[in-house]
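Q: I'd like to learn how to read a protein structure, one feature after another. Can you walk me through this one?

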Amino acid sequence: MEMTVQLTIDCADPQRMVAFWAEALGYVPEPAPDGYATWRAYWAAMGVPDEELPAGAGDVPESIIDPAGRGPRVWFQQVPEQKAAKNRWHFDLKVGGGRDVPLDVRTQRVDGAVERLVTAGATVLRIKDEPAMGLYAAAMQDPEGNEFDVV
C-alpha cells in the first residue's frame with residue numbers, strides 16, 4: 001500500500017500562511033488540478049456543497065508543495081477559532097549546515113534566514129547564542145503565532 005503524508009495546519013488566514021510558509025520552506029503554492037481554474041472549481045466538480053466551503057475558500061491555493069517533490073504537502077485549513085496555546089509541533093528550518101560548518105558561518109546563515117523571514121511576516125522570540133555548546137539558533141513565530149526554529 002502506498003502512503004503519502006500531508007501536514008495540515010489550522011489557521012485563520014490560509015492565503016497569508018501560504019505566502020509565508022512557501023517563502024520559509026522554499027515551497028510553491030499548489031496549483032489546482034489540471035482542467036480546473038481553481039481549487040474551488042475542482043471541489044465543486046467533486047460534489048463538495050458550497051455551504052461546506054468558507055467564503056473565498058479555494059479561490060487561490062491553500063496548500064503548498066515542495067517543487068522538488070521530496071517534502072510533504074502542507075495544507076492550511078481555515079478554522080473559526082484562534083490559536084489558544086503553545087503549539088505542540090514546530091518546524092526546524094535547518095539553514096546553518098550542521099556542526100561540521102564553523103559556528104561563525106552557521107551564525108551568518110541563521111541571521112540571513114531570520115532577516116528574510118521577518119520581512120515575510122515572522123517575529124523573533126529569542127536568539128539562542130551559546131558558543132560554548134556550538135549553538136546558534138532563533139526561536140520565531142509565523143504570522144499567526146505558531147512557533148518554529150531557525151538553526
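Q: Let's start with a single residue. What is the relative accessible area of Val118?

A: First, a word on what you're looking at: this is a predicted model, where local features need pLDDT of at least 70 and side-chain atom pairs count only at pLDDT 80 or more, while totals for chains, interfaces and linings use all residues. Residues are numbered from 1 along each chain as its sequence is written, and side-chain values use heavy atoms, with hydrogens and water left out. Now the general idea: buried means under 20% relative accessible area, exposed means over 50%, and partly exposed is in between (1.4 Å probe, protein chains only). The areas come from the Shrake-Rupley method with a 1.4 Å probe, and only the protein chains shown count as cover. Val118 has a relative accessible area of 38%, so it is partly exposed.

Q: Okay! And how much of the protein chain counts as buried?

A: That would be 34% of its 151 residues.

Q: How do I read the helices and strands, and how many are there?

A: They are DSSP runs, numbered from the N terminus: helices are H or I with at least four residues, strands are E with at least two. Here you get 3 helices and 8 strands. Walk along the sequence and the pattern goes β-α-β-α-β-β-β-α-β-β-β. As for overall dimensions, the C-alpha atoms fill a box of roughly 60 × 35 × 30 Å, taken along the principal axes.

Q: What does UniProt place at residues 3–151?

A: A quick caution on such records: positions are given in the numbering used here, feature names are shortened, and annotations may be inferred rather than shown by experiment. The UniProt record, an unreviewed entry, has "domain: VOC" at residues 3–151. Over that stretch the chain is 25% helix and 26% strand, and its end C-alpha atoms sit 29 Å apart.

Q: Salt bridges next. How many does the count come to?

A: Side chains of opposite charge can pair when their charged atoms come close. The rule used here asks for a side-chain nitrogen of Lys or Arg within 4 Å of a carboxyl oxygen of Asp or Glu. By this rule the count comes to 4.

Q: Which residue does Arg116 form a salt bridge with?

A: Its partner is Glu23, and the closest N and O atoms are 2.8 Å apart. Arg116 lies in helix α3 and Glu23 in helix α1 (residues 14–25), so the pair ties together parts that are 93 residues apart in sequence. Arg116 is partly exposed at 33% relative accessibility, and Glu23 is partly exposed at 35%.

Q: Which residue does the side chain of Arg73 meet in a salt bridge?

A: That one is Glu30, at 2.5 Å from N to O. Arg73 belongs to strand β4 (residues 73–78) and Glu30 to the loop between β2 (28–29) and α2 (39–45), so parts 43 residues apart in sequence are tied together. Arg73 has 23% relative accessibility, so it counts as partly exposed. Glu30 has a relative accessible area of 14%, which means it is buried.

Q: And which residue does Lys128 pair with?

A: Lys128 meets Asp149 in a salt bridge, at 3.8 Å from N to O. This pair links distant parts of the chain, with Lys128 in strand β6 and Asp149 in strand β8 (residues 147–150), 21 residues apart. Lys128 is partly exposed at 26% relative accessibility, while Asp149 is buried at 14%.

Q: What about surface patches: which residues make the nonpolar one?

A: Patches use residues with over 30% relative accessible area and no salt bridge; like charges are joined within 9 Å, and nonpolar side chains (Val, Leu, Ile, Met, Phe, Trp, Tyr) within 5 Å. Val118, Val124 and Ile127 make a nonpolar patch of about 210 Å².

Q: Which residues form the negative patch?

A: For charges, Lys and Arg count as positive and Asp and Glu as negative, with His and the chain ends not counted. A charge is placed at NZ of Lys, CZ of Arg, CG of Asp or CD of Glu. The negative patch is formed by Asp111, Glu115, Asp129 and Glu130. Both α3 (103–120) and β6 (123–130) supply at least two of its residues each. Asp111 is in helix α3 and is partly exposed, with a relative accessible area of 34%.
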